[in-house]
Amino acid sequence: MQRHRGPDDQGIRLFSLTKGSSAEVDAVSPAGDPSGLEGGLGFNRLSILDLSPNGHQPMTNDDATVIIVLNGEVYNAFEQRPGLEADGFRFRSSSDTEVCLRLYERHGFEGMLQRLNGMFAIAIVDLRIGALWLARDRLGIKPLYWCEVNGALLFASEAKAFLGYPGFERTIDPDRVDEYLAYRYCAWDGHLLRGVQQIPPGGWMRFAPDGQRRGIYWTVPERSPAPDPSFSAALDGLEERLGRSVRMQLLSDRKVGCQLSGGVDSSIVNLLAVRQAGANMDAFSIIFDDPKFSEEPWINEAAETAGVRSHRFVLTPDDV
C-alpha cells in the first residue's frame, strides 16, 4: 500500500462480489487469499477526524454487507448526521467516513454524492447487490485512478501503485505527452500512462460482474440571471462565502495551520482562519536565499496583519 504521512492506522479487507462475503486481514503481513475472495480494499489512514480506532478503514456497516474507504474530508458531514440519527441510524464513531457510509445506506450512491461538500475519493463495495462504486469530488481535488490488467480491475489514489502489479505495462501514451508537459497533468479522465484512466471530476463508476456503468453527478451550474449586486453587497457576499469555506475546512480533531506564500489568496485565507480559530493559528512558508525569488517581505506583512505565528523554511537546490 502507499505510504506517505503517517500512517496512523492501516487496514485491508478482502471481499467477493459473487459470494457476497468479506474478511479483514492483517495489514502488516496479509496471509494471501484465505477464502477465495477475489477483491480487496487497502487503506493507509492519516487521522483527521476521530483519532480513535473507531475511525478505522476499510469501514463496514453493522452487518458488514457494505464496505467503504474514503480519502479526503467531507466538510458538511456533521450537518447530515442529525437527519440520519432521526432515521434510526446509530453511529460508532465521530468520523465523516461513517456519515458517508450511512448516507449510502439511506439514499443510495448518487443520493449520497449529491449531499456531500468536500474533497474526496470514495470506494464502496455493496455485497448485497454485488457492486463496487467509485467516485471523486465535484472539482476533482482528490485523485482516483483505475485500469484493467488481464481482467483484473485496479484502482488507487496514485497511478504509481499500479507499477507493482504483475502484468502492468508501464508505457507512455504519446497522445498525452504534450498535454502533460504543458500543464503538468492530464485533464478529465486521461493519464500519461497508457491504459490508466481517472474518474473525472464530479464523476462516478459502477463495476459489477454484469458490466460497467459511469456517470457525472455534478457539473458547474449555469450563472443565475439575478441582477448584479451593488459593490458593497458583492463584497459582503464574497466575504461571507469565503469565510464559510475556510470555517468548514478548519474542522479537525488535530491542530491545523495555513500555508502562507504572501500572495493575495493565501493572505486572505490566513486572515479568515484567524477570525475563526483566534490567535492559536500557525502559518508555514517556503522562502529562498536569493532575494530576487523570495516573497518574504509580503509574507512578513501578511503574517503581521493576520496575527499568525509564522514558520519559514529555506528551500535550497540541495533540497530539490
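Analyst: The model is predicted, so local features need pLDDT of at least 70 and side-chain atom pairs count only at pLDDT 80 or more, while totals for chains, interfaces and linings use all residues. Residues are numbered from 1 along each chain as its sequence is written, and side-chain values use heavy atoms, with hydrogens and water left out.

The protein carries 33 positive and 44 negative side chains, where Lys and Arg count as positive, Asp and Glu as negative, and His and the chain ends are not counted. Across the whole structure there are 17 salt bridges, each defined as a side-chain nitrogen of Lys or Arg within 4 Å of a carboxyl oxygen of Asp or Glu.

One of them joins Arg 81 to Glu 85, with an N to O distance of 3.2 Å. These two residues stand four apart in helix α1 (residues 77–86), and are therefore separated by about one helical turn; a helix here is a DSSP run of H or I with at least four residues, numbered from the N terminus. Arg 81 is buried at 18% relative accessibility, whereas Glu 85 is partly exposed at 34%. Buried means under 20% relative accessible area, exposed over 50%, and partly exposed in between, with a 1.4 Å probe and protein chains only.

Asp 126 and Arg 128 form another salt bridge, at 2.9 Å from N to O. Asp 126 is buried, with 2% relative accessibility, while Arg 128 is partly exposed at 49%.

In the pair of Glu 158 and Lys 160, the closest N and O atoms are 3.5 Å apart, and Lys 160 is exposed at 58%.

Finally, a network of salt bridges links Asp 62, Arg 92, Glu 98, Arg 102 and Glu 105.

Key:
The place of a charge is taken as NZ of Lys, CZ of Arg, CG of Asp or CD of Glu.
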